[in-house]
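I set out these entries in the order in which I looked things up. Each begins with what I wanted to know and ends with what I found.

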Amino acid sequence: MPNPRRTFDRQLAKLDEDLLAMGREAEAMLGDALKALKERDAALADATIARDDVVDRYRYDIERRAMEIIATQQPAARDLRRVFAAIAIAADVERVGDYSVDICKTAKRLADKPLFKPLVDIPRMAGLVVQMLRDSLEGFVSRDLALIEKMIGDDDEVDHLYRYLHDELCDFMMKDPELVDQAVQLVLISRHLERIADHITNIGERVFYVETGELKELHQ
Amino acid sequence: MRDVAGEAGGAVKVEAKGFRLYYGEFQALKGLDAAFPDKSITAIIGPSGCGKSTFLRSINRMNDLIEGVRVAGEIVYGGKNIYDPSVDLTWLRSRIGMVFQRPVAFPLSIYDNVACAPRVQGITKKSELDQIVERSLKGVGLWDDVKDDLRKPAGGLSLGNQQKLCIARAISTNPDVILLDEPASALDPMATLRLEDLMWELRENYCLVIVTHNMQQASRASDYTMFMLDGEIVEMGHTRQVFTNPRDPRTERYVTGKLV
């Protein structure tokens with residue numbers, strides 16, 4: 001039987017494409033923010049901050065297009081859940097960009113002198129977060145809840161690393177007040193990464209809702 | 001704003017129990033079970049030929065006149081199977097009114113259109129008829145427009161107002177249930193929205209059942225939605241649930257426009 005709603009399906013597919021493209025942009029920002037931190041590259045941090053506009057534009061573009069679909073195509077059931085999810089997901093991905101900007105600002109503050117310890121756990125956290133972002137958006141587009149479950153598992157590890165880093169950096173600060181300034185900045189960065197992971201978990205919840213019709217917290 | 005999202009409906013007014021209908025050899029309705037609560041609107045949706053109009057017409061026995069129609073099972077109203085031989089059809093149709101696709105204004109005055117059914121019921125006193133006509137026309141929001149033209153032919157009204165007149169006629173006998181068969185299909189968009197608004201007002205006092213091809217209309221103007229396919233009820237639920245999260249994949253395909 002021919003598909004009676006090809007135009008509508010094309011519009012939905014375009015929303016998917018844009019979400020993936022927006023995700024790639026946010027992912028690149030996060031990657032460069034980490035690189036600017038590791039390599040103490042203030043110029044890269046500035047360039048990354050400037051790219052936030054691109055992510056913001058994607059968000060409003062997706063929101064506008066989703067509204068147009070609702071107004072002109074009257075989606076229902078799963079289609080309706082999907083269009084609303086796209087709006088919510090775009091807002092969460094935008095937050096990934098915002099936190100990347102915050103990491104860049106911190107990276108700039110840390111760029112003027114060597115770090116008191118090599119960065120190990122923060123890059124590991126960032127690696128997990130990037131993978132979570134990919135999995136959540138891929139899960140949305142390919143309707144694959146297994147990817148969402150995997151992503152939730154990664155979020156557990158991000159939380160674990162955050163607590164571990166927090167305790168470790170507090171230890172350093174108590175032992176040597178000279179380290180407080182740098183250590184506080186690193187705690188902040190790990191906090192930003194942990195918050196990004198929470199936003200990505202929200203994306204997972206939306207995907208779960210689109211596919212099952214059930215809205216629930218996947219992770220506390 | 002009226003509460004359209006809340007739980008709607010009182011006690012069950014009409015209930016189908018294993019109701020089947022045959023046109024000769026063809027089984028059009030295959031054992032339907034459905035309850036229609038008072039003070040609520042139920043929309044019946046489904047593709048052409050699914051049996052939705054047949055079902056609606058069965059609720060006040062409009063199919064009786066069609067040759068070769070046989071029914072089995074029950075439609076219970078007022079504690080009684082309406083297909084029981086003891087049921088008086090005039091009484092039944094005064095309790096369960098019907099509004100059709102195209103406004104069917106009788107070639108009479110506005111007044112006589114509304115007074116017609118009460119007269120058949122034996123009401124002859126003018127003051128009493130006047131009262132019924134006024135109450136019925138007020139009930140559909142037509143009174144102010146036509147109170148000075150009651151003696152003019154009903155055919156002079158706009159289609160939207162003719163349809164309201166038909167509803168006034170349906171409520172002139174003080175029924176419990178109003179059946180509407182595609183009542184807006186001949187109306188323009190504004191008249192359609194006004195009719196839907198009227199349905200919400202009537203819902204305060206009646207049990208309404210509407211058959212519609214227009215899914216947006218079903219989603220706007222009902223508390224419950226029943227989806228029918230091939231003479232069966234696939235799903236019946238709160239309208240908000242059926243249009244956001246249907247349980248059956250066939251309903252999903254229909255409300256998303258993918259079942260043709």
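What distance does helix α7 of chain A reach from its first C-alpha to its last, and what is expected at 1.5 Å a residue? I note that the model is predicted. Helix α7 of chain A runs over residues 180-212, 33 residues in total. I read a reach of 47 Å, close to the expected 48 Å. I then looked just past the end of α7(A), where A:G213 takes a positive phi of about 80°.

Next I turned to the nonpolar core. The largest one holds 130 residues. The residues with the most contacts inside this core are A:V129, B:I178, B:L179 and B:L208. Its largest share comes from helix α4 of chain A, residues 77-110, which supplies 13 residues.

My last entry concerns chain B. I find ten helices and ten strands in chain B. The C-alpha trace of chain B spans about 55 × 45 × 30 Å along its principal axes. I checked the radius of gyration of chain B: 18 Å, which agrees with the value near 18 Å for a compact globule of 260 residues. Buried residues account for 45% of the 260 residues in chain B. Of the contacts in chain B between residues at least 6 apart in sequence, 68% join residues at least 24 apart.

Conventions. Residues numbered from 1 in each chain as written. Chains lettered and ligands numbered in written order. Predicted model: local features only at pLDDT ≥ 70, side-chain atom pairs only at ≥ 80, totals over all residues. Core = buried A, V, L, I, M, F, W, Y, C linked by C-beta atoms within 7 Å. Buried ≥ 20, exposed ≤ 12 C-beta atoms within 10 Å, placed from the backbone. Helix = DSSP H or I, 4+ residues; strand = E, 2+ residues; numbered from the N terminus. Expected span 1.5 Å × (residues − 1). Rg over C-alpha atoms; globule rule 2.2 N^0.38 Å. Contact = placed C-beta atoms within 7 Å.
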